[in-house]
Amino acid sequence: MLLSYKYKLRPNQQQSDKLARWLDLLRANYNWCLKDRIDGWHQQFICGDYCDLRSGIEITPLTCSLVRGTQLANPWKEGNGKAKKEGEKDKSPKRTASLMQDANLQDLKAARPWYQGVDIGVLQQIPARVNEAFSKFFSGAGFPKFKRRHDFKSFSYKPGRIKIQGSKIYLPKIGWMRFYNSRSIPDGFEIKTVTVRQKADGWYVSVRIESKSTPDFPAIPDSEITTITGCDMGLGKLVYLSDGSVIDNPRFATNKHTRHLMRVRQKRVNRKQKGSKNKFKAQQKVARLRNKIQQKREAYQWNVANKIVKKADAVAVEDLQVKNMMKRCKPVNSEIGRSLPNGQSAKRGLNRSIADASWHSLTQKLEYLAVKSGKKIYRVNPQHTSQTCSKCGNVDKENRNGEKFICTNCGHVDDANLQAARNVKAKAIKLYKLNGTAGLVETSLINSGERPLDNTLPKGKRCMNGNPGNRNIKAEMS
Ligand SMILES: [Zn+2]
């Protein structure tokens, strides 16, 4: 079982200075490695005679870099990639760009003695991080960017380097440091990768712990699922559940009070002189407020996710593409090329609300908790979930009128969002063929509010009609 625990560190002044210095050093190293990879990447596009600026050698097919991406270190592996032990396969004799940068670390330490003070494992993570950025780029993400101070806030230690005793943690090359031991690591778990992260209110450490002897919670097979909760995420309320209950959306970042506070604090930043200490202090206040909002949201979402997962054997959610929902409106131009209003200013407020609700991170938490407790999570296509009548299956845009749902075909009346949640549930049952197994009743009857099957089904299994969730939970809890 693999878990991740987070603690707040209590470094003394020297230690927190050192941590900040490390971040700067590592960021410099990251950018340097990235520059090297970018140079190598561009080299392949250059035609004709040119010479390498660093070595001054004229580039010919013989002297040009063998590995696309870097010119550091020896491109050939020691022993030409032959298997070290018998029975193993021979590997490629060439080093990859990342391995070459890794092999160059010794030279780097000799050339820049101030890197001696940084743990070698931490330093080795940097070429790996650059490599990860590049492989993401090769698989379709954006081109890797140079890191600035605000987007390089963490570094990690390799497994097995960290010790924890009571409320003290040992970070190699930094020493023993106090921390808030808010939850103890269970017996039998060993510490894997440890990431140190700077936030507006101090330093945190996230510890991955693993125990091979503790098995994961066995997941329920599809055929044994008897109860399922459909979720429809919204803005008015955060989550609408298919059992008819709703979960409030506290709007941590977009409520009136916080927005006012943020505006005032941001204004104070803007009025301070550029580069001044006062500006820095004002910026810190903004950052701390942001951090606080985020912490509140996280805590709330864990709470909500816990509640939802506990309700039933499985959860069905919409597979939302939040990124697409938050896209800007397309520009509208008049015939003479002048921009016309396109509704973006109204959309901006909506986008803020969507970002504040952060459905994606809530879904991730649901997933984490579901896996942890052996339950299932199903994702369904969100198309037409709020326009379909759950009683007769009629799909029509006209069905929905604001918050109300009135079917144009059969006249079924319901709350539009709850209707959507029920549709999500029905879709999941249909898609994953949960129907007909272990007590789940016909899809068309699931959400109808009718209870024709009460007499035919054995007790305890008639969970899916009427107002199923509540009844079942009560039964489970009692
Ligand atoms: Zn209908």
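How many residues are in the hairpin that joins S8 to S9? The hairpin joins S8 to S9 through 3 residues.

## Basis of the model

This is a predicted model, in which local features need pLDDT of at least 70 and side-chain atom pairs count only at pLDDT 80 or more, while totals for chains, interfaces and linings use all residues. Residues are numbered from 1 along each chain as its sequence is written, and side-chain values use heavy atoms, with hydrogens and water left out.

Helices (H or I, at least four residues) and strands (E, at least two) are DSSP runs numbered from the N terminus. Buried means under 20% relative accessible area, exposed means over 50%, and partly exposed lies in between, with a 1.4 Å probe and protein chains only. In a regular strand the side chains alternate between the two faces of the sheet. Ile228, Gly230 and Asp232 point one way from S8, whereas Thr229, Cys231 and Met233 point the other way.

Two strands pair if DSSP finds at least two bridges between them. S8 pairs with strand S11 (residues 314–318) in the parallel sense over 3 bridges, and Gly230 has Ala316 as its bridge partner there. With strand S9 (residues 237–241), S8 pairs in the antiparallel sense, over 3 bridges. Leu241 in S9 stands opposite Cys231.

## Helix H8

Helix H8 runs over residues 344–357 and has 14 residues. From its first C-alpha to its last, H8 reaches 20 Å, close to the 20 Å expected at 1.5 Å a residue; the expected span is 1.5 Å times one less than the number of residues. Ser358, with a positive phi near 35°, follows H8.

The buried residues of H8 are Gln344, Lys347, Asn351, Ser353, Ile354, Asp356 and Ala357. They pack against S9, helix H6 (277–311), helix H7 (322–325) and helix H9 (359–372).

## Arg265

Arg265 is found in helix H5 (residues 256–271). Its relative accessibility is 25%, so Arg265 counts as partly exposed. Leaving aside neighbours within four places in sequence, Arg265 is in contact (heavy atoms within 4.5 Å) with Lys285, Val286 and Leu289. Val286 is 21 residues from Arg265 in sequence, with 6.1 Å between the two C-alpha atoms.

## Nonpolar cores

A nonpolar core is a set of buried Ala, Val, Leu, Ile, Met, Phe, Trp, Tyr and Cys residues joined through side-chain atoms within 4.5 Å. The largest has 40 residues, of which Phe155, Tyr157 and Val196 touch the most other members. Helix H1 (residues 13–43) gives the largest share of this core, 9 residues. A second, separate core of 22 residues includes Leu238, Leu241, Val315 and Ile354.

Beyond its neighbours within four places in sequence, Phe155 has contacts that include Leu19, Trp22, Leu23, Leu26, Val194 and Val196.

## Zinc site

The zinc ion is coordinated by the SG atoms of Cys389, Cys392, Cys407 and Cys410, at 2.2 to 2.3 Å. Donors are N, O and S atoms within 2.8 Å of the metal (3.2 Å for Na, K and Ca), and sites may look incomplete since water is not among the atoms. The 4 donor atoms subtend angles of 107 to 112°, so the arrangement is tetrahedral; four donors count as tetrahedral if all angles lie between 85 and 135 degrees.

Along the chain the donors follow the spacing C-x2-C-x14-C-x2-C. Cys407 counts as buried because its relative accessibility is 4%, whereas Cys410 is partly exposed, at 39%.

Conventions: Tetrahedral: all angles 85-135°; square planar, octahedral: opposite > 155°, others 65-115°.
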